[in-house]
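Hello,

Here is the structure you are taking over. My notes on it follow below.

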Protein chains: 2
Amino acid sequence: MSKNSNSRAEFTARYFVESSVPIAKAAEVIAGEQSSGTFLALPGETDALKERARARVARVDSLPPVLEPSLKSAYAERKEPAKLYYRGEIDIAFPIDNVGANLPALLSTIAGNLFELGEITGLRLLDIDMPDDYARRFAGPAFGIDGTRRLAGVHARPLIGTIIKPSIGLLPDETARIVDDLCAADIDFIKDDELLADPAYASFDARLAAVMPVLRKHADRLGRMPMYAINISGTIDEMLRRHDQVLEAGGTCVMVCVNWVGFAGVEHVRRHAQLPIHGHRNGWGAFTRYPQLGFSFTAYQKLWRLAGVDHLHVNGVRSKFWEPDASVIDSARACLAPFAGVRPVMPVFSSGQWASQAPDLFGALRSVDLMHLAGGGIIGHPQGIAAGVASMREGWEAAVEGVDLNTYAKTHPALLAALSHFKAI
Amino acid sequence: MSKNSNSRAEFTARYFVESSVPIAKAAEVIAGEQSSGTFLALPGETDALKERARARVARVDSLPPVLEPSLKSAYAERKEPAKLYYRGEIDIAFPIDNVGANLPALLSTIAGNLFELGEITGLRLLDIDMPDDYARRFAGPAFGIDGTRRLAGVHARPLIGTIIKPSIGLLPDETARIVDDLCAADIDFIKDDELLADPAYASFDARLAAVMPVLRKHADRLGRMPMYAINISGTIDEMLRRHDQVLEAGGTCVMVCVNWVGFAGVEHVRRHAQLPIHGHRNGWGAFTRYPQLGFSFTAYQKLWRLAGVDHLHVNGVRSKFWEPDASVIDSARACLAPFAGVRPVMPVFSSGQWASQAPDLFGALRSVDLMHLAGGGIIGHPQGIAAGVASMREGWEAAVEGVDLNTYAKTHPALLAALSHFKAI
């Protein structure tokens, strides 16, 4: 798939397409628009130029057409109202030489104007694929799962974690007290809420100054530094400075809101960073919730892997979010799957999580290479935070050992209390 | 709208919302999730904290409900399949102190996890508003319309421009020859295609070296430097270096693919730049084409104005893209409308444009503060490129003078040839 007959090095993008023209023609329109031509020949588009730069339709799989367009197009209506809207999945192969190791150019090529083409009434980027030697030219995750485990001192089980709540509004000393309680409960991982970056009443600097001594105190006791993903999202200069402050203070992780910092910013932080990057995908719903538009998570996580994110959120099973559980599991599998030699990204489960989801997750993934974050499931445990953390670990022990949760709970009181308390909610 | 009863400084976001719960409740869920709480009270969410940090529902306007959800939600289906899906428009007021002058945090607040809430079956950011003194803390456009006109030497009429075609694949000397032809035709503005950044066979450096002497030669002749928006999109370091190279070589504009460089990257370029930033919005279709999801252009252009983009694409009237003409006009109006003291951004019309659209645009906007880009409308003119440029100018002269195009064409042969040639296509 990575070479055509003339050995031109290529990468490919796979799309769902719905269009007012037959799907093979829509594929040619997309290949033209996203490379050297339009569907019609342009003056100046010589054979030599086409050989260098023209994208090619590598595959067309037709699907049954539909009678109503998923997305309206004034252009298609003006041309002639279509009686059918054609559907299919297509692969487009692009010359690597068109793009190089340039994330904004890669995105402009595979996810640019094609979303707006008049013939197109549905378009979703499903997947991307590329040769290893092309992928190697991007930053990629510097730490990934192994590096994260090494810094967190947690092996052979998931990192059990939580999010500081309330999400925003706490003063620095209030945050530090909560962190103290969480660390006293032997938690593995804590993160800021994505809303919390540098509020006027709890600046990044003040929070770091309040929190780090607490973390260091517990690190001495635990023999490992609890990993705190502190949200450094801001301007480029702020993010680099804040990363350096976290590193200097002995912290082991930084968090970045990837969609709104953007590809150039995240890659820049990655090239500079000496700590894992916890990627928060807030806003992702806007990119994916309409099934005939936007991005699949499979493609999305590959793009952020290229940029160098080490952890990426995937929602939770039975969460408070819109996403079906099967989709959440597929997302986690994608994070862990091989991709052109790029390190896997550690999937982060959160929202509505407690001990009960451990068997679901392990059953589906057969892996413990993940973060399992619980808010109420830890802080709301009837016997306190330490029992909340213990109940999550016990849930995972049971899952990995293949023991039913209720059975395991008979000899594990924290899990037992979680089961009776949270199931009733 | 910018202050509540306690004089807490706020900014507001307006949304279209569809949800499985009544719209006033959905508004409270959103205000909670995007600030200090959930819909239920959290331990630690004290009155003092709420006063500092809690978002408030400033307005709820109900719309007629629908029987089918626009977006599926496994959560809503699990809870109890709703018989009605409620719709409305809501204003949420957020404390400025939660966010500060931090674009990623602003986006995470107004366009973050709320898109994924289980109760939500439709959500679109319609607009934002903020006090002038808050907006002033962001970078904002450094040049805007006046600065662009000064550098381009074009006043009291639109900038007439084109895009180098084929989009990608030309060698540097081929590009330079096309630029020479365009400048010989007295064009005001040229831009790279968004696909073209730094291809292996036509690197940024080689293209700049080939093109700039041509531009300088014509600048000597014209008494003004034709504005060339050269695409600098890439890594942060590359973008700053490329900007400096363009500036050093006497260029007057740089182009950035805003969605894929991202907010932090674009603002960083803006803080560094001494040239206007031509904002290309490729990928925008994915953010906006489903009407019950994503972003309106009104909100989107305000966010990029805050980041400091000077020009922003709005598609064209009767273009090859999906967008209805009325929506294109609304977008241009939004770019030119006042917003919290932030400079307007110059709207850029392109795709399928030629002289005929001038009366439509002027009639709707009553403004010449725009760029009007034509590909085939200039390069495909039957009498050549110079006549193509002349026909666009003549179209605008007729529009501004209120003369019918066909009448004006009687004494303007370039326009006459355009009318007979392009109308037949």
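In this predicted model, chain A is superposed on chain B by a rotation of 180° with 0.0 Å of shift along the axis, and the RMSD is 0.0 Å. That is how a two-fold axis relates two copies. Within chain A, G262(A) has the C-alpha nearest the axis, at 1.9 Å from it. Both copies use the same surface, since 100% of the contact residues of chain A recur in chain B.

Next, the domains. Chain A splits into domain 1 (10-136) and domain 2 (143-423). Taken over C-alpha atoms, their centres are 36 Å apart. Domain 1 of chain A puts 22 residues into the contact and domain 2 of chain A puts in 20 residues.

The two domains of chain A bury about 1800 Å² between them, with 67% of it on carbon and sulfur atoms. On the domain 1 side, L103(A), R124(A) and I128(A) supply 34% of the area buried against domain 2, more than any other three residues.

As for specific contacts, 1 salt bridge is found across this domain interface. D127(A) and K302(A) join their side chains in a salt bridge, at 2.8 Å from N to O. The interface also has 12 residue pairs in polar contact.

On the side of domain 1 of chain A that touches domain 2, at least two residues each come from strand 1 (10-19), helix 5 (103-110), strand 4 (120-129) and helix 6 (132-135). Strand 4 of chain A gives the most to that side, with 7 residues. By type, the residues of that side are 15 nonpolar, 2 polar and 5 charged.

Regards

Key: Residues are numbered from 1 along each chain as its sequence is written. Chains are lettered from A and ligands numbered from 1 in the order in which they are written. This is a predicted model: local features need pLDDT of at least 70, side-chain atom pairs count only at pLDDT 80 or more; totals for chains, interfaces and linings use all residues. Side-chain values use heavy atoms; hydrogens and water are left out. Copies are superposed by least squares on the C-alpha atoms of residues with pLDDT of at least 70 in both. Contact means heavy atoms within 4.5 Å. Domain bounds come from an automatic or database domain assignment. Buried area is the accessible area (1.4 Å probe) that two parts lose on being put together, summed over both. A salt bridge is a side-chain nitrogen of Lys or Arg within 4 Å of a carboxyl oxygen of Asp or Glu. A polar contact is a pair of N or O atoms within 3.5 Å; within protein, one must be able to donate a hydrogen and the other to accept it, and residues adjacent in sequence count only if both atoms are side-chain atoms. Helices (H or I, at least four residues) and strands (E, at least two) are DSSP runs, numbered from the N terminus. Ala, Val, Leu, Ile, Met, Phe, Trp, Tyr, Cys and Pro count as nonpolar, Asp, Glu, Lys and Arg as charged, and the others, Gly among them, as polar.
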